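Let's take a walk through this structure together, with its sulfur links as our guide. Have the sequence and the 3D view ready as you read.

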Amino acid sequence: MKFFWIIPFFLLQGTEAFLMKNAKLKLCLQASTVNGNLLLEDCDPESDFQDWSWQGDSLMNRGTQSCLSVVGADRVQTSLCDGTSSTRWECSNSLLSPLGSSQDYLVANKKGVALTNVRGLKAQWQDVDRSVCEVKAAEAEPDRYFTAALASTHMYNPMAGNVTLALGIDEVELEELLWFFRREDPSTWNYSILALSFVAMILGLLLLTINIVRNRKRKIHTYGGAEQTTQQAELEAKQALMPVQEYSPAEPLKQEPVPQDQRSGDVVVQWKDGTVTSLYAETPENAI
């Protein structure tokens, strides 16, 4: 059971990075990329060389992966994080002092940083909205829960009254600790997702059906228009081939009756009054 407590707390340790901004100069502490020297530069939250994090009592720079350490009576720089007293710091009221020394403080000056016994704004270090000591205290809070979880073998009984563990964690603190490992019934969420998937499937099928019907109607309309255009073209072609004289099948041409005495070769003239006569009438032989 302990191992389920160990893994999340181990991942949460030392993950917060912050800027070390001097309260007086308004400049941020930056580790040098060439050597272990420390610089004071304009604050840049995007720079890894200005990002610091608490690793226990040590201050580690994210860019160089080295720790703030004391290398002389009043000189500081970054060096390998070996966990020795030279890399461990005490923090109180925004003041940083080497572990075991309550008279020397990390102070900013024109040349950089150094250890002096001066207290004031030059010796105060803060993040954007809180001091570096508050950052350390916030990171130490999960560590306290982590240690209690490892040391305690008691099982938590929610029905018990005022439960107090061996390390002094009361019921309220334990409930806050158990919030990280709370398990809820996922049935409601699963049923909601299932219903949403069913609605999405029905909506997809409906849209597919509407699309099929519209495509079918569009094809029918397209084919009908093409057929009508073809028939119209054929009709126009037939009308173009008809003779100039209008022909109406409902009114057949009236054929004038041919006189009975008309013979082939005669020239016939139809007068305005409707009389039909032969232009050259053949004179009978008896008349001669």
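A disulfide is a pair of cysteine sulfur atoms within 2.5 Å. Keep in mind that this is a predicted model. It holds three disulfides, and with bonded cysteines counted along the chain, they follow the pattern 1-2, 3-4, 5-6.

Start with C28 and C43, whose sulfur atoms are 1.9 Å apart. This link is right-handed, with 90° about the S-S bond. The pair connects distant parts of the chain, 15 residues apart: C28 sits in strand β2, while C43 lies in the loop between β3 and β4. C28 counts as buried because its relative accessibility is 0%, whereas C43, at 32%, counts as partly exposed.

Next come C67 and C81, joined with an S to S distance of 1.8 Å. Here too the link is right-handed, with 105° about the S-S bond. C67 belongs to strand β6 and C81 to the loop between β7 and β8, 14 residues apart. C67 is buried, with a relative accessible area of 1%, and C81 is partly exposed at 32%.

The remaining disulfide joins C91 to C133. Its torsion about the S-S bond is about -90°, so this disulfide is left-handed. Because C91 lies in strand β8 and C133 in helix α2, the pair ties together parts that are 42 residues apart in sequence. C133 is buried, with a relative accessible area of 13%.

Stay in helix α2, which spans residues 132–151, and you will find K136. Residues that K136 touches include C91, W54 and W89. The side chain of K136 also makes a polar contact with the side chain of D57, at 2.9 Å.

Methods. Residues are numbered from 1 along each chain as its sequence is written. This is a predicted model: local features need pLDDT of at least 70, side-chain atom pairs count only at pLDDT 80 or more; totals for chains, interfaces and linings use all residues. Side-chain values use heavy atoms; hydrogens and water are left out. Helices (H or I, at least four residues) and strands (E, at least two) are DSSP runs, numbered from the N terminus. A polar contact is a pair of N or O atoms within 3.5 Å; within protein, one must be able to donate a hydrogen and the other to accept it, and residues adjacent in sequence count only if both atoms are side-chain atoms. Contact means heavy atoms within 4.5 Å. Buried means under 20% relative accessible area, exposed over 50%, partly exposed in between (1.4 Å probe, protein chains only). Lists of a residue's contacts leave out its neighbours within four places in sequence.
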